[in-house]
Amino acid sequence: MSFTIAIDGPAAAGKGTISRAVADRFGFAHLDTGLLYRVVGLRMLQGVEPVEAAEYLLPSDLEAEGLRTAEVAQAASKVAALPGVRKALVDFQRAFALRDGGAVLDGRDIGTVICPDAAVKLFVTASPEVRARRRLDELTERGVDTDFVTVLADVQARDERDMTRADAPLKPADDAVTLDTSGLSIDEAVDEAVRLIEEMR
Ligand code: C5P
């Protein structure tokens with residue numbers, strides 16, 4: 001039987017970490033749907049037409065090098081505003097969500113568009129400053145030379161684009177439970193997500 005957990009929210013709110021931990025905890029498969037848009041963004045930077053890139057996307061592309069850069073993140077949020085790109089990626093995400101044994105999908109529109117019937121919907125958020133600080137720490141750890149102001153501007157530009165696009169904008173589903181991780185450590189955020197999911201199951 002399928003059981004879908006939808007986890008949405010803005011950039012660097014903790015969705016990825018929470019989703020991986022929740023999938024581990026319940027023994028479910030996990031799909032980071034942002035990677036799909038990042039692959040298409042990367043292809044666009046390489047000169048491929050974005051809708052075509054989305055139509056020919058292969059699961060193995062999610063392992064491609066260079067998907068985690070700031071440049072690809074911005075390109076991803078640009079191609080994500082194209083209805084043709086979003087449409088081409090729907091079936092893959094729905095098939096993943098409906099697999100036997102349960103699935104956790106994280107992204108921007110999982111609870112609103114991809115899986116409106118998900119058993120559990122979480123909207124994970126945090127203040128822009130907290131999110132920028134976390135992203136900066138992550139980038140610094142990876143040896144990327146950047147600073148707080150640049151990262152904050154990047155995060156805000158992406159959120160603005162994701163929230164204001166006409167097709168599948170970033171917003172909580174009406175029946176989503178919001179988890180604000182601003183004042184929480186990673187462990188606390190994961191514990192709280194697991195508690196909320198246990199409650200909703
Ligand atoms: O989650 P991540 O930061 O990897 O996502 C990159 C970009 O992909 C987001 O800024 C957003 O524009 C887009 N995205 C989306 N819908 C999703 C997941 C990601 O539009 N379900």
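How many bridges join strand E1 to strand E3, and in which direction do the two strands run? In this predicted model, strand E1 (residues 4-8) and strand E3 (residues 103-107) run parallel and are joined by 5 bridges. Within this pair, Ile7 stands opposite Asp106 in E3.

The pair belongs to an open sheet of 5 strands, ordered E2-E3-E1-E4-E5, with parallel pairing. Strand E2 (29-32) and strand E5 (177-180) are the edge strands, each pairing on one side only. From one strand to the next, the twist averages 20 degrees. Strands of a sheet pair through backbone hydrogen bonds, either parallel or antiparallel.

Helices also pack on this sheet. Helix H5 (residues 83-97) touches E1, E2 and E3, and its direction makes about 145 degrees with that of E3. Helix H9 (residues 186-200) packs on the sheet as well, touching E1, strand E4 (120-125) and E5. The direction of H9 makes about 155 degrees with that of E4.

A further contact links two helices to each other. The axes of helix H2 (residues 34-45) and helix H4 (residues 70-79) come within 7 Å and cross at roughly 100 degrees. Because angles of 65 to 115 degrees count as roughly perpendicular, H2 is roughly perpendicular to H4. On the H2 side, the contact includes Tyr37, Arg38, Val40, Gly41, Leu42, Met44 and Leu45; these residues meet Glu71, Val72, Ala73, Ala75, Ala76 and Val79 in H4. By class, the contact of H2 with H4 has 10 nonpolar, 1 polar and 2 charged residues.

Notes: Residues numbered from 1 in each chain as written. Predicted model: local features only at pLDDT ≥ 70, side-chain atom pairs only at ≥ 80, totals over all residues. Heavy atoms only, no water. Pairing = 2+ DSSP bridges. Helix = DSSP H or I, 4+ residues; strand = E, 2+ residues; numbered from the N terminus. Axes fitted to C-alpha atoms, helices over the stretch in contact; angles between N-to-C directions. Contact = heavy atoms within 4.5 Å. Parallel < 35°, antiparallel > 145°, perpendicular 65-115°, else oblique. Nonpolar A, V, L, I, M, F, W, Y, C, P; charged D, E, K, R; others polar.
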